[in-house]
There are 2 protein chains.
Amino acid sequence: MTTPAVREARPEDSASILHFINELAVYEKLAHEVETSEAMIEATLFGPDAKAFCLICEIDDEAVGFAIYFYNYSTWLGKYGIYLEDLYVPPEHRGKGAGKALLIHIASIAIQNNCGRFEWSVLDWNTPSIEFYKALGAREMSDWHMYRVDGEALQKLADKEYKDKRIKGYKDIRI
Amino acid sequence: MTTPAVREARPEDSASILHFINELAVYEKLAHEVETSEAMIEATLFGPDAKAFCLICEIDDEAVGFAIYFYNYSTWLGKYGIYLEDLYVPPEHRGKGAGKALLIHIASIAIQNNCGRFEWSVLDWNTPSIEFYKALGAREMSDWHMYRVDGEALQKLADKEYKDKRIKGYKDIRI
């Protein structure tokens, strides 16, 4: 078996990437949340304003896994970091080093770019992945909890920009 | 009292930003983790490759708070999102709407840029902030846990890129 090789994804990988995204969503029991498409992947990951980057892991020229990452920022360090949004290796290709090759490659990109951190999130029930990450030196940031505003709540929050300024003048706001 | 006004930070705000970062770190009991400097802030937030952005909230031309955000990416949505890395309003300026003005302004930027999400993390003991966020429509993503590799562990992981390929050929790797 050939050693896994990691390369930058290209626009023509969009169909494979969508396939991996859908499989990963099924594995994470979140298939109902997938709204992306081949066209959206191409526009967001390969357009002129792309801020997120995709890597493909191949064995014998076959795509056996993918990773998507972007740069985050640490105000404490005054440095950028890398955040791994997704990493997926289909079941039939596990045990061949593809996941580890992708993680190691991103760690190298982080070091080359003077990044202070390499971070990602994992679902709390995903014990095999958690054990794998710990074995690679990762530690859980257990005291930080993530909050999200999306959909209608996001639109509603954005709409306040004008409303609050015009009508209420922030008089009744607490923070 | 004048309504809080949010504007993009400029390089000459770097000293104020550092001051806010240090105060926030003391509030979060993480002052020992601050390594940044005025020069690092200027280089990372205002250099040609800046990927993170800073906003200043002013009342009567005085800086009363700041926020730092960057773009993250949702593979499910095929869209970018905004991640709020830091938000801080010093105690003497709370209750004037500065924090809310910053959050609303970032939500507007998210909507204008077709972002699907606006997210941030908060320390589990920081109840006043959590209550404030929930009141603005945010929900906790409690089943996701964050993992981090940094410092020596990051260097060690990056170093494997060459070592594993040369010596072990990934034979003994499980994922």
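Visitor: In what order do the elements of chain A run from the N terminus on?
Guide: In this predicted model, chain A has 5 helices and 7 strands. From the N terminus on, the order is β-α-α-β-β-β-α-β-α-β-β-α.

Visitor: What is the mean pLDDT of chain A?
Guide: Residues are numbered from 1 along each chain as its sequence is written, while chains are lettered from A and ligands numbered from 1 in the order in which they are written. Local features need pLDDT of at least 70, side-chain atom pairs count only at pLDDT 80 or more, and totals for chains, interfaces and linings use all residues, with side-chain values resting on heavy atoms and leaving out hydrogens and water. The pLDDT is the predictor's confidence in each residue, from 0 to 100. In chain A, 91% of the residues reach 70 or more, and the mean is 89.

Visitor: Over which residues of chain A is the pLDDT below 50?
Guide: The stretch in question has 26 contacts in the model beyond near neighbours in sequence, a contact being heavy atoms within 4.5 Å. The pLDDT is below 50 over residues 166–175.

Visitor: By what turn can chain B be laid on chain A?
Guide: Copies are superposed by least squares on the C-alpha atoms of residues with pLDDT of at least 70 in both. The RMSD is 0.0 Å and the shift along the axis is 0.0 Å. The two copies are therefore related as by a two-fold rotation axis. The turn is 180°.

Visitor: What area is buried between chain B and chain A?
Guide: In the interface, 96 residues of chain B are in contact with 94 residues of chain A. Buried area is the accessible area (1.4 Å probe) that two parts lose on being put together, summed over both. Carbon and sulfur atoms give 61% of a total of about 9100 Å².

Visitor: Which residue of chain A meets B:R139 in a salt bridge?
Guide: A salt bridge is a side-chain nitrogen of Lys or Arg within 4 Å of a carboxyl oxygen of Asp or Glu. The rule finds 4 salt bridges across the interface of chain B and chain A. At 2.8 Å, N to O, the partner of B:R139 is A:D150.

Visitor: How many residues apart are A:E58 and A:R7?
Guide: The side chains of these residues meet in a salt bridge of 3.0 Å, N to O. The pair links distant parts of the chain, with A:E58 in strand 2 (residues 52–59) and A:R7 in strand 1 (residues 5–8). The separation is 51 residues.

Methods: Helices (H or I, at least four residues) and strands (E, at least two) are DSSP runs, numbered from the N terminus.
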